[in-house]
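Reader: Hi, I have a new structure to go through. Could you walk me through it?

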Number of protein chains: 2
Amino acid sequence: MPRIIVLRLGHRIGRDQRATTHVALVARAYGADGVIISGERDDALIRRVMGVVETWGGRFEAEYRGDWRRVLREWRMRGGLIIHLTMYGINLPDIIDEIRERWRERDILVVVGGEKVPGELFHIADYNVAVTNQPHSEIAALATFLDWLQEGRELRREFPGGRLKVIPQRRGKKVVETQDRYIKP
Amino acid sequence: MPRIIVLRLGHRIGRDQRATTHVALVARAYGADGVIISGERDDALIRRVMGVVETWGGRFEAEYRGDWRRVLREWRMRGGLIIHLTMYGINLPDIIDEIRERWRERDILVVVGGEKVPGELFHIADYNVAVTNQPHSEIAALATFLDWLQEGRELRREFPGGRLKVIPQRRGKKVVETQDRYIKP
């Protein structure tokens, strides 16, 4: 199955720490294979995200890349598709089937902007995709894009190898420690 | 059609301004009728959200209510359903059909926690609903809940009466001023 990687542009330490953490955790929970963070280098953030992977399981990579243009060039050279999420693009329901069809054979890079998105990105991307053409949240747009791309299957995904696991409850919280880590390869 | 209102708990000025703004804008863009913000009173945030409604159209209300327990009591007394989004609840795909069925006759209040959620909320809610049982983002969870509840139809909703409107583009940005405001009632 081709991969899905999320690229977060323009991260700023301080102002964006929480939003970028949400972007990374949504990428993981909604079935992406990794996140690349660009903008200011924030090793603590990367460590926190990898700490979540350690605790809650699954395979997921988080890395910092300062030069996002190079990330896009390399992605393109390897034949991957580039999707840019923006409120100015084509509305998701009008384009997702076409993207899903092409994803069968090509990895997808989902680019999520920060405060200011360089205009050239609109031209580099294979698809500029909006989720409603209304202003809201790059975190929500990413979640909905990943959900529609994978047709909801990602919400049932298992995350093996973690230390903790939630046992879903109608009332209250139940978290168990798993033994999986002892049998990790 | 029964209403959907989002209740954001535990807002803190400073630390939560951006996240709560995202919650409010996601509520609007994904078809909810309004948002109630609890925690610290933040009139500037309410004004910013209502400014987005003014600019981009549609019907949406944002208000502050200090006493969230009272909001829940009133909601219950009026016969509304209370849904609490939490990673510890029943996973969305396993419960959304039942909730959608009940929504045909009852308004829905979607409760989105902040940093610390009071334990009693798990017992007050009619449904504790998780989106994946993994840690990620209340903003993403809200978006996905609203999207599944409305089966994606909300992504095609129109927002009449705004000053600006995006014309979806494959490349670049196109925003037009509308004339709708002159014919508002």
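**Talking through the fold**

Author: Happy to. Among contacts in chain A between residues at least 6 apart in sequence, 79% join residues at least 24 apart; two residues are in contact if their C-beta atoms, placed from the backbone, lie within 7 Å. This is a predicted model, where local features need pLDDT of at least 70, side-chain atom pairs count only at pLDDT 80 or more, and totals for chains, interfaces and linings use all residues. Residues are numbered from 1 along each chain as its sequence is written, while chains are lettered from A and ligands numbered from 1 in the order in which they are written.

Reader: Thanks! How many helices and strands does chain A have?
Author: Chain A has 6 helices and 8 strands, in the pattern β-α-β-α-β-α-β-α-β-α-β-α-β-β along the sequence. Helices (H or I, at least four residues) and strands (E, at least two) are DSSP runs, numbered from the N terminus.

Reader: And what is the strand order in the open sheet?
Author: The open sheet of 6 strands in chain A runs β3-β2-β1-β5-β4-β6, with parallel pairing. Two strands pair if DSSP finds at least two bridges between them. At the edges stand β3 (61–64) and β6 of chain A, each with a single partner strand, so one side of each is left without a neighbour in the sheet.

Reader: How many bridges join β1 and β2 of chain A?
Author: Strand β1 (residues 4–11) and strand β2 (residues 34–39) of chain A pair in the parallel sense over 5 bridges. Within that pairing, Arg8(A) has Ile37(A) as its bridge partner in β2(A).

Reader: What about overall dimensions?
Author: The C-alpha trace of chain A spans about 50 × 35 × 35 Å along its principal axes.

Reader: Switching topic: how many residues of chain A touch chain B?
Author: 43 residues of chain A are in contact with 43 residues of chain B. On the chain A side, the largest share, 6 residues, comes from α1(A). By class that side has 22 nonpolar, 14 polar and 7 charged residues. Here Ala, Val, Leu, Ile, Met, Phe, Trp, Tyr, Cys and Pro count as nonpolar, Asp, Glu, Lys and Arg as charged, and the others, Gly among them, as polar.

Reader: Which residues have the most contacts inside the largest nonpolar core?
Author: Those are Ile83(A), Leu142(A) and Leu142(B), in a core of 115 residues. A nonpolar core is a set of buried Ala, Val, Leu, Ile, Met, Phe, Trp, Tyr and Cys residues joined through C-beta atoms within 7 Å. A residue is buried if 20 or more other C-beta atoms lie within 10 Å of its own, exposed if 12 or fewer, and partly exposed in between, with C-beta atoms placed from the backbone. Not counting residues up to four places away in sequence, Ile83(A) touches residues including Ile99(A), Leu109(A) and Val129(A).

Reader: Over in chain B, is β4 enclosed or open?
Author: Strand β4 (residues 81–91) of chain B has 9 of its 11 residues buried, so it is largely enclosed by the rest of the structure. 5 bridges join β4(B) to strand β5 (residues 108–112) of chain B, running parallel, and 5 bridges join β4(B) to strand β6 (residues 127–130) of chain B, also parallel. In β6(B), Asn91(B) has Ala130(B) as its bridge partner.

Reader: And Val129(B), buried or exposed?
Author: Val129(B) is buried, with 29 other C-beta atoms within 10 Å. Val129(B) lies in strand β6 of chain B and touches residues including Ile83(B), Leu85(B) and Phe145(B), not counting residues up to four places away in sequence.
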